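Subject: Handing over the structure

Hello,

Here is the structure I promised to pass on to you. Please open it first, and then read on for a short tour of what turned up.

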Amino acid sequence: MQPFMKALTGALTAGVLAVGALVLGPGVADAGPSGRLSAGPSVAPVAPIDWKPCPEHPTAECGTLRLPVDWAHPAGEKFDMAVARRKATDPDRRVGALLVNPGGPGDSGVNFALTRAPAQFSKDLQARFDIVGFDPRGVGGSRPVKCSTELLGRAPSAYPRDQAEFDRLAAYNRELREDCRRHSGPVFDHADTLGVVRDMEALRRSLGEQKLTYFGHSYGTLIGEQYAELYGDRIRAMALTANIDHSLGARDFIVSSAVAAEDSFHEFVKWCGRSPSCALHGRDVTAVWDGLLARADRGEIRDPEDPGRTLSANDIALFAFRYKFYGPDWDELADYVAGLEAQTRPGSHAEPRPGTSGAPAAKGTGQQTEAAPFSAVFCQDWRIRPKDYREFARLTEAELRAAPHMRGSPRVHAALAGCVGWPDEVNNPQHRLRITEAPKILMLHSRHDPANNHAWATNVHRQTRGTTVLVTYEGAGHSVYGRSDCTRGAVDGYLMALTIPQDGSSCPAAGPGG
């Protein structure tokens, strides 16, 4: 089993200036009285990237781009943003650079370009574009947010049972926040998506691209959406898959996330009922699942890869959600559930505290810190701060009502809990999208996305009528682009030839989601 997710200088130096001719970078962007973002004058210079063969991928090129940590003070401290590029395989037909971001928040765009893009993107798309991935500020090779391994390993429950436990969660989060700030430096306070948007505009200019062509997935769609607000007139084409709705308040966000997770569970149950390959075919899958989680609540289910410890119900739900619903990989999930359900009742295992992950404490590896960018990004992008146990409990109850079989949305719940105790001020608070100068933007979204509710896409589409075109994949899973010839063709035709699909059209389900 894969390990469970954790709850998650002055002016430019003469050496950098000497790299090549300078191009102006993005200016400061502010939210006016209406909440709309606006870009200020271009004031910060950026230099071309000094490309060199990547150490472990010599057929690709790697480099860095030196940028301000705080775009409001572009002459202040800098960081080096890591960038990777795979050049177009058919230079004679090259359209330009395609900037990509795989989401997270916290996923590496560099790793995506180097290891995943060759298999994910079509050969034709790779022939026509340089695939350029970048690590967002605070992630991977771009001044990563780091926190104490020991402190990360003693996180309290994300499910406090009373005000005292809520207060301990808040105190822990404040301690962790200060620890991460100390280990990460000023970039920690500027890891929000608006900073990334300005970095991407600087990258466009550094690459010499007159217009931006961008592919963003999941949390990477928020980068695209907010780039379109600030720099819409600088977009050539933008394809967004598994879209984020950044206008949601705390309750709508967590409940809609839970609804999506529960919907994917029911899609799995229906698939199992019609598919002889399912290890639970012919059985009451919902009853098997609920019984398994009940046994986990009693401490009766062992980790197959570590029989010395038990799995909690949230462990099992999170594993199904994150590692099997995303694909979806339903055959593997059915095998996993059947294997756990077949375990003999142990009768002699310590019962884990309800709501904890059951994960072992961090083992001594000799490392004092480890990368942990999620909260640094999420908690500066979302003004979600339950003030006390009563408010937190109401949100949790609503979440559990929306997803009784999945026990809510474990990952989003952890994100919510991770912001408890943070300061109220947020760099990039939620707001309705206001895109006025962008060309047509293509949105794709799965009908049964387990993480990003399809309603998020329809809501974003309503906010951006006249600018966005929404195409629905009528199947399951979080990935969208490679699901079928239809989804791949919609994106490829748009990015390469600017052929926009009909708004409201759809692609039929394929594979296990069909």
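Let's begin with a pair of helices: H8 passes H13 in a right-handed crossing. Please keep in mind throughout that this is a predicted model.

How do these two helices lie against each other? The axes of H8 and H13, the latter covering residues 389–402, come within 8 Å and cross at roughly 25°. Angles under 35 degrees count as roughly parallel, and H8 and H13 are therefore roughly parallel to each other. On the H8 side, the contact is made by Ala250, Arg251, Ile254, Val255, Ala258, Val259 and Glu262. Facing them from H13 are Arg394, Leu395, Ala398, Glu399, Arg401 and Ala402. Sorted by class, this contact of H8 with H13 holds eight nonpolar and five charged residues, with no polar ones.

H8, which spans residues 250–274, also packs against H14, residues 410–418. Here the angle is about 160° and the axes are 9 Å apart. Since angles over 145 degrees count as roughly antiparallel, H8 and H14 are therefore roughly antiparallel to each other. The crossing of H8 past H14 is left-handed. The residues that meet are Phe253, Ile254 and Ser257 from H8 and Val412, His413 and Leu416 from H14. By class, the contact of H8 with H14 has four nonpolar and two polar residues, and no charged ones.

Which residues touch the most other members of the largest nonpolar core? They are Leu99 and Leu203, in a core of 39 residues. Helix H6, residues 193–207, gives the most to this core, with seven residues. Leaving out residues up to four places away in sequence, Leu99 touches Val132, Met200, Leu203, Leu207, Leu212, Thr213, Tyr214 and Phe215.

Leu470 sits in strand E17, residues 468–476. Is Leu470 buried or exposed? Its relative accessibility is 7%, so Leu470 counts as buried. Leu470 and Gly504 are 34 residues apart in sequence, and their C-alpha atoms are 5.5 Å apart in space. Beyond its neighbours within four places in sequence, Leu470 is in contact with Met443, His445, Ala457, Thr458, His461, Gln502, Asp503, Gly504 and Ser505.

Gln343 lies in the loop between helix H11 (330–341) and strand E15 (369–371). Although Gln343 is in a loop, it counts as buried because its relative accessibility is 14%, and the cut-off for buried is under 20%. Not counting residues up to four places away in sequence, Gln343 touches Arg295, Glu300, Ile301 and Arg302.

Arg488 belongs to helix H16, residues 485–497. With 24% relative accessibility, Arg488 counts as partly exposed. Arg488 and Ser122 are 366 residues apart in sequence and 7.8 Å apart in space, C-alpha to C-alpha. Residues up to four places away aside, Arg488 touches Ser122, Tyr481 and Gly482.

Enjoy looking around, and do write back with any questions.

Best wishes

Note on methods. Residues numbered from 1 in each chain as written. Predicted model: local features only at pLDDT ≥ 70, side-chain atom pairs only at ≥ 80, totals over all residues. Heavy atoms only, no water. Axes fitted to C-alpha atoms, helices over the stretch in contact; angles between N-to-C directions. Helix = DSSP H or I, 4+ residues; strand = E, 2+ residues; numbered from the N terminus. Parallel < 35°, antiparallel > 145°, perpendicular 65-115°, else oblique. Left-handed = near helix turned anticlockwise from the far one by under 90°. Contact = heavy atoms within 4.5 Å. Nonpolar A, V, L, I, M, F, W, Y, C, P; charged D, E, K, R; others polar. Core = buried A, V, L, I, M, F, W, Y, C linked by side-chain atoms within 4.5 Å. Buried < 20%, exposed > 50% of the residue type's maximum accessible area, 1.4 Å probe, protein only.
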